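Q: Can you walk me through this structure? I'd like to start with the surface and then go inside.

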Amino acid sequence: ASPEPMTEMEQLLHNYILEGTLAVQTVPIAGGTTSIVRRAIHKETRQLVAIKIIFRSESPMTRQYNVNMAKAKNEVEIISRLDHPNIIAVYEVYES
């Protein structure tokens with residue numbers, strides 16, 4: 001039998017071992033009403049990373065959706081420009 005097709009999220013995160021699998025931390029690092037941050041390990045480099053998942057509870061046609069997406073894109077843009085050992089770095093950004 002052929003394996004089950006991967007979900008869109010699984011396809012995006014296939015290079016990472018997310019928390020709750022293979023004994024990686026099982027509770028979120030942080031979270032709120034619009035997102036959650038999870039620990040993960042990159043499969044090839046074994047680098048510990050934080051993955052922020054932003055929830056899409058609104059339809060793309062709503063004003064609140066546009067506001068939330070603008071905030072998320074702004075956050076990524078700002079963090080991407082920073083270079084400091086005590087501030088996380090942005091390695092990849094996916095939108096689905």
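Q: Which residues form a nonpolar patch on the surface?
A: Ile 78, Leu 82, Ile 87 and Ile 88, with about 350 Å² of accessible area together. Patch residues have over 30% relative accessible area and no salt bridge, and nonpolar side chains (Val, Leu, Ile, Met, Phe, Trp, Tyr) are joined within 5 Å. Areas are Shrake-Rupley values with a 1.4 Å probe.

Q: What kind of model is this?
A: This is a predicted model, where local features need pLDDT of at least 70, side-chain atom pairs count only at pLDDT 80 or more, and totals for chains, interfaces and linings use all residues. Residues are numbered from 1 along each chain as its sequence is written, and side-chain values use heavy atoms, with hydrogens and water left out.

Q: Where is Leu 82 found?
A: In the segment after helix 2 (63–81); helices are DSSP runs of H or I with at least four residues, strands are E runs of at least two, both numbered from the N terminus. Leu 82 is partly exposed at 41% relative accessible area (buried is under 20%, exposed over 50%, partly exposed in between).

Q: Now salt bridges. How many by the rule?
A: The count is 2, taking a side-chain nitrogen of Lys or Arg within 4 Å of a carboxyl oxygen of Asp or Glu. Lys 52 meets Glu 75 at 2.9 Å, N to O. That pair links distant parts of the chain, strand 4 and helix 2, 23 residues apart.

Q: And the other?
A: Glu 77 with Arg 81, at 3.2 Å, N to O. Both are in helix 2, 4 residues apart, so about one helical turn separates them.

Key. Patches are made of residues with over 30% relative accessible area and no salt bridge: like charges are joined within 9 Å, nonpolar side chains (Val, Leu, Ile, Met, Phe, Trp, Tyr) within 5 Å. Buried means under 20% relative accessible area, exposed over 50%, partly exposed in between (1.4 Å probe, protein chains only).
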